[in-house]
Amino acid sequence: MDSDLFSRRRAERFAQLLDEANGGRRHHVRSKADGELTALVEVSRRLTAERPDVEVDAEFRTGLRAMLVATAEREGVGAPARTATSGVRGALLPAITGRRARARGAILVGVAAGAVALSGISAASENALPGDALYGMKRSTERAQLALASSDISRGQLFLDFARTRLDEAASVRDNRIGFSAVLDDMDADTRQGVRLLTTVAAQRSDPTALDAVDTFLAGQRRVVSGLLDRPDHADRDRTRRSLSLLDAAGKRADALREAIACGLPAPQASDMLGPAPATCPADR
């Protein structure tokens, strides 16, 4: 459960890790979320250290400023602390409030720096292919986008967008069987992640709207993946058929969920790599 309490603790721990990464004092504490948060700190460090010389659009700066001002107002960054009552709670509240304010401020600054860096890096690494110098940064940018996504629907759509990107890369990989297969492996992983997130949302809400993104993705993806079957290497064609089989399975899962939602079945309990696995509607419905 990602309650307000746990989100606040994560924010405070993330602020500590950012502080340490920037040369601040070391905090001798540990958190269960350190593995995930440390990865995000590393992305932040790389975004800062390897930022390309790309001019950020003025309209983007204006929109970013408005977003940050709204976030600051909502989170109370810069607002005076409320007066404490008395006793132990009154003694502790100023320190706790100050720490939370610093944590929120650090997150806000991190979002600002990350957003500006992402805009420039995306422009510089957008066309990078496996083996290119900027390809690692391209993938790090994708992970940062996922970390900043606001909902499972947004994350699911991002994963499907990344699967499309991997397909474009696979089409550009020539005379490299290992590289071609590796890119398709990544593409299939992104496909499974995106489909699972979107089918889960559809099942939980008993609303097939999230499946529209899956259907749109599959229609275009099948067509382009099928075009890879003309590669001369037999192993490449076999590997391509495996990706097509995954797309077919995803289409069947989306269709089954639509049918289950339409006939009023409860959210499925069983789940696999493509998300909830619905039962078949009774024949008399």
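In this predicted model, in which local features need pLDDT of at least 70, side-chain atom pairs count only at pLDDT 80 or more, and totals for chains, interfaces and linings use all residues, helix 5 passes helix 6 in a right-handed crossing, a crossing being right-handed if the near helix is turned clockwise from the far one by less than a right angle and left-handed if anticlockwise. Residues are numbered from 1 along each chain as its sequence is written, and side-chain values use heavy atoms, with hydrogens and water left out. The axes of helix 5 (residues 135-148) and helix 6 (residues 152-172) come within 10 Å and cross at roughly 165 degrees, and helix 5 is therefore roughly antiparallel to helix 6. Here axes are lines fitted to C-alpha atoms, for helices over the stretch in contact, with angles running from 0 to 180 degrees between N-to-C directions; angles over 145 degrees count as roughly antiparallel, those under 35 as roughly parallel, those from 65 to 115 as roughly perpendicular, and the rest as oblique. On the side of helix 5, the residues that meet helix 6 are Y135, K138, R139, E142, Q145 and L146, and their counterparts in helix 6 are R155, L158, F159, F162, T165, R166 and E169, where contact means heavy atoms within 4.5 Å. The residues of this contact of helix 5 with helix 6 divide into five nonpolar, two polar and six charged, with Ala, Val, Leu, Ile, Met, Phe, Trp, Tyr, Cys and Pro counted as nonpolar, Asp, Glu, Lys and Arg as charged, and the others, Gly among them, as polar.

Helix 6 also packs against helix 7, at an angle of about 160 degrees and with the axes 8 Å apart, and the two helices are therefore roughly antiparallel to each other. The residues of the contact of helix 6 with helix 7 comprise 15 nonpolar, five polar and seven charged, and the crossing of helix 6 and helix 7 is left-handed. Within helix 7 (residues 177-205) lies A182, which is partly exposed at a relative accessible area of 36%; in this classification buried means under 20% relative accessible area, exposed over 50%, and partly exposed in between, with a 1.4 Å probe and protein chains only. The C-alpha atoms of A182 and A170 are separated by 8.8 Å, the two residues being 12 residues apart along the chain.

For helix 7 and helix 8 (residues 209-227), the axes come within 8 Å and cross at roughly 155 degrees, and helix 7 is therefore roughly antiparallel to helix 8. This crossing of helix 7 and helix 8 is left-handed. From helix 7, M187, T191, V195, L198, T199, V201 and A202 meet A210, L211, A213, V214, F217, Q221 and V225 of helix 8, and the residues of this contact divide into 11 nonpolar, three polar and no charged. The loop between helix 7 and helix 8 contains S206, which is partly exposed at 46% relative accessibility and has a positive phi of about 50 degrees although it is not a glycine. Most residues other than glycine have a negative phi.

Two further residues were examined for contacts beyond their sequence neighbours. R164, placed in helix 6, is partly exposed with a relative accessible area of 29%, and, leaving aside neighbours within four places in sequence, R164 is in contact with T216, F217 and Q221. The C-alpha atoms of R164 and Q221, 57 residues apart along the chain, are separated by 7.0 Å. T240, found in helix 9 (residues 234-262), is by contrast buried, with a relative accessible area of 0%. Residues up to four places away in sequence not being counted, T240 touches F180, L184, V225, L228 and L229; the C-alpha atoms of T240 and V225, 15 residues apart along the chain, are separated by 7.0 Å.

Over the whole chain, the secondary structure comes to nine helices and two strands, arranged along the sequence in the pattern α-α-α-α-α-α-α-α-α-β-β, with helices (H or I, at least four residues) and strands (E, at least two) taken as DSSP runs numbered from the N terminus. Of the 285 residues in the chain, 35% are buried. The chain exposes about 16,800 Å², of which carbon and sulfur atoms supply 53%, accessible areas coming from the Shrake-Rupley method with a 1.4 Å probe and, for residues, only the protein chains shown counting as cover. Among contacts between residues at least 6 apart in sequence, 64% join residues at least 24 apart.
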